[in-house]
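Please walk through the packing of the helices in this structure and the nonpolar core they contribute to.

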Amino acid sequence: MDNDHSADVISTFDCNILRDAFRTSVIKNRIPEDQWHGYAALLIRDYTGNSDFDSALLAWIVRK
C-alpha cells in the first residue's frame with residue numbers, strides 16, 4: 001500500500017491518529033519511556049514514508 005502522506009503536510013486528523021496509535025502501542029507493548037522518541041519516530045516514518053519530519057510533531061506525540 002502506497003502512502004500518500006507527506007511529512008511536510010500532515011493533517012490534524014493524521015496527527016491525532018499517530019498520537020493515539022503511539023499511546024496504544026506504548027501501553028500494549030509496555031515500551032519503556034526512554035524508548036518513546038525512537039518508537040514515535042519510526043511510527044511517523046512508517047506512516048509518512050519519510051524520515052524527515054518536524055521535531056515538534058515528535059515532541060507532541062510523546063508528550064504525556
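The model is predicted. Two packed helices are described by the angle between their axes and the distance between the axes. Here helix α1, residues 12-29, packs against helix α2, residues 36-48, at an angle of about 135°, and the axes lie 10 Å apart. The pair therefore counts as oblique. The crossing of α1 past α2 is right-handed.

On the α1 side, the contact is made by Asp14, Ile17, Leu18, Ala21, Phe22, Ser25, Val26 and Asn29. These meet Trp36, Tyr39, Ala40, Leu43, Ile44 and Tyr47 of α2. By class, the residues of this contact are 11 nonpolar, two polar and one charged.

Ser25 is located in α1. With a relative accessible area of 16%, Ser25 counts as buried because that value is under 20%. Leaving aside residues up to four places away in sequence, Ser25 touches Arg30, Ile31 and Tyr39.

In soluble globular proteins, nonpolar side chains tend to be buried together. The largest nonpolar core of this model has 16 residues, of which Leu18, Phe22, Trp36, Ala40, Ile44, Leu57 and Ile61 touch the most other members. Helices α1, α2 and α3 (55-62) each supply at least two residues of this core. The most come from α2, which gives five residues.

Phe22 is one of the α1 residues that meet α2. Beyond residues up to four places away in sequence, Phe22 touches Trp36, Tyr39, Ala40, Leu43, Ile61 and Val62.

How values were computed
Residues numbered from 1 in each chain as written. Predicted model: local features only at pLDDT ≥ 70, side-chain atom pairs only at ≥ 80, totals over all residues. Heavy atoms only, no water. Axes fitted to C-alpha atoms, helices over the stretch in contact; angles between N-to-C directions. Helix = DSSP H or I, 4+ residues; strand = E, 2+ residues; numbered from the N terminus. Parallel < 35°, antiparallel > 145°, perpendicular 65-115°, else oblique. Left-handed = near helix turned anticlockwise from the far one by under 90°. Contact = heavy atoms within 4.5 Å. Nonpolar A, V, L, I, M, F, W, Y, C, P; charged D, E, K, R; others polar. Buried < 20%, exposed > 50% of the residue type's maximum accessible area, 1.4 Å probe, protein only. Core = buried A, V, L, I, M, F, W, Y, C linked by side-chain atoms within 4.5 Å.
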